[in-house]
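Let's take a walk through a protein structure together.

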Amino acid sequence: MIFRLAFLITLLFFSPQAFASAQAETPEGPSIEEEILKSELELAKKPNIYFVINLKEMKISIKAKGMALKEIDIREIKFWGNSLPAAAYKMVNKSAFAEPRRDVITPQKEEEEAKKEDNTAAESKTDKFDIQALELGDMPSSYTLLFEEGFSIIIRPHREGFRSALYSAGGAIGWYLSRPLVTVWNTIKKRPYLAIKLSLSERDARALYWSFYDGANAVIYGP
Amino acid sequence: MSRKKIIQITVIVIASIFISLEAAGYYLAHRAWAAEKREAEETSKGSGASGKKKSLEYRQKLGRLSPKGIHIIIDTAENRLYLRDGDKTIVNAVISTGSGSILTDPSGKREWIFDTPRGEYAIKSKVVDPSWIKPDWAFIEEGEDIPKNFQERVENGMLGKYALAFGNGYFIHGTLYKRLLGRNVTHGCVRVGDDDLETVFKQAPIGAKVIIF
């Protein structure tokens, strides 16, 4: 067993593929900036909102028609694996531990409605009231954006304080211990592997979840 | 061999495998990363002046796509409306947008999701003293029967002084529920406070772009 594993590892280190990729001649092609702008232009022509995730400048822009509608600062980036060619990628799903659920309205008779209005009036005196709606605060701040091309972006809230620092240190250790193992596994399976983890302020993380709809396109580049 | 010795050997073997796999993982990740970065740099170098010219061309095309005159941007997460003239913000208003709630027809045949639609739209029409033509869902939500007579659907004063239609039955309009501004409470329309609504109504011409996100 040990010898088989050692053999496998040796094989991985010295596989002809390893040298091939390093020595491959690179054809003359468009610059990264050109690729980014070209991809963005294609998205900007459509009447949809799109995203530009600039890992180099640590910024996420929500855009339409080439115009930035909102800019979100990335507090921290963890990037592992194959680099990502600057291009537009399609988000297929958002996955969160606690996904927000839409409220279902129950049609009310007039008497019940009147009672509800009384309650609302009472609540308005204290100005603290709950409404039947999905709001920004209901959005998760920890989630994963899954892209059609097979990679994912993990979003985590950036929090201050000792407990958060401890939690974040634990997360970092887990990240750096687990990523190499996943890389080896994907190499054996001959699959490219890429993992991106972004820390945003809690409010920005929620706002991004709110804005990112299934099927949304994002131009991603860097770092 | 003693039991202690066996445990020691097992631990050493497992640790060695783990460390080897970790090292292999780090090496593979670094190798892939370095190779692709080198490739990207080479490609970048190759493009030179023609690449810069092309980039500039793309930038100019992107610039031409963005709205030049008066346009409206609506942030449904923050419940904000921005009336802009080019890059300049004229009005920054607190608004109410869609609640995202679901209503189902008791027959089960129809369902409404009360979201404010997102994307790019344009002002289709502008109305002073608009009347609300109550759609079916308004009656269903209140547990009332859907009227057969059109006049029973007409309700005055609900939409405030002005309304701007931006397509598919959605409006930017006024509200009686001013304390709910800033909350997601509507059936998809955009509710704006009186003063801000007046400015938006007067400044935004028919055809002005409305971008909602």
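How many residue pairs are in polar contact between chain B and chain A? The count is 16 residue pairs, both residues being at pLDDT 80 or more; a polar contact here is a pair of N or O atoms within 3.5 Å, where within protein one must be able to donate a hydrogen and the other to accept it, and residues adjacent in sequence count only if both atoms are side-chain atoms. Before going on, note that this is a predicted model, in which local features need pLDDT of at least 70 and side-chain atom pairs count only at pLDDT 80 or more, while totals for chains, interfaces and linings use all residues. Residues are numbered from 1 along each chain as its sequence is written, chains are lettered from A and ligands numbered from 1 in the order in which they are written, and side-chain values use heavy atoms, with hydrogens and water left out.

Let's stay with the place where the two chains meet. Chain B brings 68 residues to the contact and chain A brings 69, contact meaning heavy atoms within 4.5 Å. About 6,200 Å² is buried between them, with carbon and sulfur atoms giving 62% of that area. Buried area is the accessible area (1.4 Å probe) that two parts lose on being put together, summed over both.

Charged side chains take part here too. Side chains of opposite charge can pair when their charged atoms come close. Between chain B and chain A the count is seven salt bridges, each being a side-chain nitrogen of Lys or Arg within 4 Å of a carboxyl oxygen of Asp or Glu. Over all chains, the structure holds 23 salt bridges. One of them links E33(A) with R59(B), where the closest N and O atoms are 2.3 Å apart. E33(A) sits in helix α3 (residues 32–44) of chain A and R59(B) in helix α1 of chain B, so this pair joins two chains. Helices (H or I, at least four residues) and strands (E, at least two) are DSSP runs, numbered from the N terminus. Another salt bridge joins E78(B) to K70(A), with the closest N and O atoms 3.6 Å apart.

Which elements of chain B supply at least two residues each to the side that touches chain A? Among them are α1 (3–65), β1 (70–75), β4 (102–104) and α2 (136–141). The most comes from α1(B), with 34 residues. Sorted by class, this side of chain B has 30 nonpolar, 18 polar and 20 charged residues. Ala, Val, Leu, Ile, Met, Phe, Trp, Tyr, Cys and Pro count as nonpolar, Asp, Glu, Lys and Arg as charged, and the others, Gly among them, as polar.

Now look for a sheet that draws on both chains. Strand β6 (residues 104–105) of chain A pairs with β4(B) in the parallel sense over two bridges; strands pair if DSSP finds at least two bridges between them. Here V104(A) has I102(B) as its bridge partner, and I105(A) stands opposite L103(B). The open sheet has three strands in the order β6(A)-β4(B)-β5(B), with mixed pairing. β6 of chain A and β5 (111–113) of chain B stand at the edges with a single partner strand each, so one side of each is left without a neighbour in the sheet.

Next, turn to chain A. Nine strands make an open sheet there, in the order β3-β2-β1-β10-β5-β7-β8-β9-β4, with mixed pairing. The edges are β3 (67–73) and β4 (76–81), each with a single partner strand, so one side of each has no neighbour in the sheet. From one strand to the next, the twist averages 25 degrees. Within this sheet, β1 (residues 50–54) and β2 (residues 59–64) of chain A pair in the antiparallel sense over five bridges, with I53(A) opposite I60(A). Helix α5 (residues 162–188) of chain A packs on the sheet, touching β4, β8 (152–158) and β9 (194–201), and its direction makes about 20 degrees with that of β4(A). Axes are lines fitted to C-alpha atoms, for helices over the stretch in contact, and angles run from 0 to 180 degrees between N-to-C directions.

D136(B) belongs to helix α2 of chain B, and its side chain makes a polar contact with that of R153(B) at 2.6 Å.
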